[in-house]
Amino acid sequence: MNESTEPNASPHSKGKTTFASLEGKTAVVTGSSSGIGQAVALELARGGAAVLVHARKNEKGAAETVETIQKAGGTADFLLADLAAPDEADRFVDRAWDWREGVDAWVNNAGADILTGGRADAPFDDRLRWVMEVDVMATIRVSRRIGTKMQAAGSGSIVQITWDGVKRGLAGDGGQLFSISKGAVAAFSRSLTQTVAPEVRVNCVAPGWIKTAWGQTAPKAWQQRAVADSLQNRWGTPEEIARTVRFLVSDAAGFLNGQEIEVNGGFDYH
């Protein structure tokens, strides 16, 4: 590491340096009004980046994320956009790029919520359409557009949030839906990497069982499954995903490209 400092010390503390510093960089995190995306936005700001927060319609959550960053001495703002609407997605990328005259790090975390709320019990075909529109089509469209801009500018880093179950599979509707959507994003990202390198790096972070809103109220059987599947014998946290993302978009990971990093405590095949 660089000069010693607490892992979560503010990058704005005078005279201190931090590992995986993002000082002077601009970052965009889609789907960052809550959960993993919010944790990523806060962590990138903690690293020194100016962060543009995104939400589809959760303006309150987006504003709270921005307020938290600003109170810590960081720079942040937010934009609302439905990335499943092609024209709106294109405008969002252009506005994000213009916010600070370029983007150094772009994190695609936005996804359709098919596990909680009214959509949890929707027919399989409806949920499949939602994840294809949001998790796949929107991610591909946004990644291609921002990747082209970054390549022309000469540098940039893109991180996709995928899923560690893609390689192993998981029984049930949810497992099938996430395998389809996150598997498609991971496969696309490998080809995008080949397209935009060496100027732009593209990597994936594949979370395991992370205690987000669904994990807080998951049935006992799933709680036990989450613990049993990890060699660490516990759930992961959004903050642990966020720290991995921060490393990947920093210069410290400058020779990491085209990778998919599983953050799951080590999968226990028992």
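Author: Helix H1 covers residues 35-46, and its 12 residues, at 1.5 Å a residue, should span 16 Å, which agrees with the 17 Å that separates its end C-alpha atoms. The expected span is 1.5 Å times one less than the number of residues in the helix. Helices (H or I, at least four residues) and strands (E, at least two) are DSSP runs, numbered from the N terminus. The model is predicted, so local features need pLDDT of at least 70 and side-chain atom pairs count only at pLDDT 80 or more, while totals for chains, interfaces and linings use all residues. Residues are numbered from 1 along each chain as its sequence is written, and side-chain values use heavy atoms, with hydrogens and water left out.

Along H1, the buried residues are Ile 36, Gly 37, Ala 39, Val 40, Ala 41, Glu 43, Leu 44 and Ala 45; buried means under 20% relative accessible area, exposed means over 50%, and partly exposed lies in between, with a 1.4 Å probe and protein chains only. These buried residues pack against S1, S2, H2, S6 and H8, and also against strand S4 (105-108), where contact means heavy atoms within 4.5 Å. After H1 comes Gly 48, which has a positive phi near 115 degrees.

H1 also belongs to a right-handed β-α-β unit, together with strands S1 and S2. A crossover is called right-handed if, with the strands pointing away from the viewer, the path from the first strand over the helix to the second runs clockwise. S1 (residues 26-29) pairs with S2 in the parallel sense over 4 bridges, and Thr 26 has Ala 50 as its bridge partner in S2; two strands count as paired if DSSP finds at least two bridges between them.

With helix H2 (residues 59-71), S2 and S3 make a right-handed β-α-β unit.

The whole structure holds 6 aromatic pairs, one of them between Trp 209 and Trp 222, which is tilted, with 5.7 Å centre to centre and 40 degrees between the planes. Rings of Phe, Tyr and Trp (its six-membered ring) pair if their centres lie within 6.5 Å, and planes under 30 degrees apart count as stacked, over 60 as edge-to-face and the rest as tilted. This pair links distant parts of the chain, 13 residues apart, with Trp 209 in the loop between strand S6 (200-207) and helix H6 (213-217) and Trp 222 in helix H7 (residues 220-228). Trp 209 counts as buried because its relative accessibility is 19%, whereas Trp 222, at 30%, is partly exposed. Trp 209 forms an edge-to-face pair with Trp 235 as well, at 6.0 Å centre to centre and 85 degrees between the planes. Here the partners are 26 residues apart, and Trp 235 lies in the loop between H7 and helix H8 (238-249); its relative accessible area is 9%, so Trp 235 is buried. Trp 209, Trp 222 and Trp 235 form one aromatic cluster.

Some details of the backbone remain. Most residues other than glycine have a negative phi, and most peptide bonds are trans. Ala 197 and Pro 198, however, are joined by a cis peptide bond with omega of about 5 degrees, and Pro 198 is found in the loop between helix H5 (173-196) and S6. Ala 20, although not a glycine, has a positive phi of about 55 degrees; this residue is found in the segment before S1 and counts as buried because its relative accessibility is 7%. Asn 233, likewise a residue other than glycine, has a positive phi near 60 degrees. This asparagine is found in the loop between H7 and H8, and at 52% relative accessibility Asn 233 counts as exposed.
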